[in-house]
Amino acid sequence: TKLTELMRRVAAGYDTAKHRTRTQALLVQSFYAWRQHAITCRGRRQRTLRGLRWYTRGHLMRNVLRGWFRAAMRERKGTLEGRFSQGLAAARQELGEQYQGSYDSISQQLAEAQAALVVEAEAREK
């Protein structure tokens with residue numbers, strides 16, 4: 001009758017509410033589990049990238065820059081001693097060029113004076 005129908009509806013509503021509550025709880029639990037998994041994966045990925053960057057930077061410092069430094073040491077460039085010896089060689093070259101220029105001008109003047117002396121000696125003989 002009406003009471004039975006009412007009781008049936010109340011029981012069905014309660015069952016539906018219970019099912020919805022259970023479904024909602026499962027949705028919330030699965031969402032938080034997914035969120036935790038996403039956070040864990042993100043952290044793992046960031047740690048992996050950080051480790052890769054650290055290893056790459058360490059590898060670069062350890063091997064490549066050491067190789068460059070060794071090559072610079074072989075060529076005596078990039079070191080204080082190398083720069084000093086290069087500056088010394090440049091100064092020596094510059095001084096050599098100056099002395100060579102002075103020597104050439106003095107030898108030219110000497111040749112001109114000798115030619116003038118020869119002309120003067122010939123004029124005296126006549």
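**Close-up views of a predicted model**

View 1. Trp68 belongs to helix α1, which spans residues 2-74 (helices are DSSP runs of H or I with at least four residues, numbered from the N terminus). This is a predicted model, in which local features need pLDDT of at least 70, side-chain atom pairs count only at pLDDT 80 or more, and totals for chains, interfaces and linings use all residues. Residues are numbered from 1 along each chain as its sequence is written, and side-chain values use heavy atoms, with hydrogens and water left out. With a relative accessible area of 56%, Trp68 is exposed (exposed means over 50%, buried under 20%, and partly exposed in between, with a 1.4 Å probe and protein chains only). Together with Leu60, Met61, Val64 and Leu65, Trp68 makes a nonpolar surface patch of about 470 Å² (patch residues have over 30% relative accessible area and no salt bridge, and nonpolar side chains are joined within 5 Å).

**View 2. Glu5 and its salt-bridge partner Arg8.** The closest N and O atoms of Glu5 and Arg8 are 3.5 Å apart in a salt bridge (a side-chain nitrogen of Lys or Arg within 4 Å of a carboxyl oxygen of Asp or Glu). The two residues are three apart in helix α1 and therefore separated by about one helical turn; Glu5 is partly exposed at 35%, whereas Arg8 is exposed at 54%.

**View 3. Arg124 and Glu120 in helix α2.** Here the salt bridge has its closest N and O atoms 3.1 Å apart, between residues four apart in helix α2. Arg124 is exposed at 68% relative accessible area, while Glu120 is partly exposed at 41%.

Note on methods: Patch = residues over 30% accessible without salt bridge, like charges linked within 9 Å, V, L, I, M, F, W, Y side chains within 5 Å. Areas by Shrake-Rupley, 256 points an atom, 1.4 Å probe, with all protein chains shown as cover.
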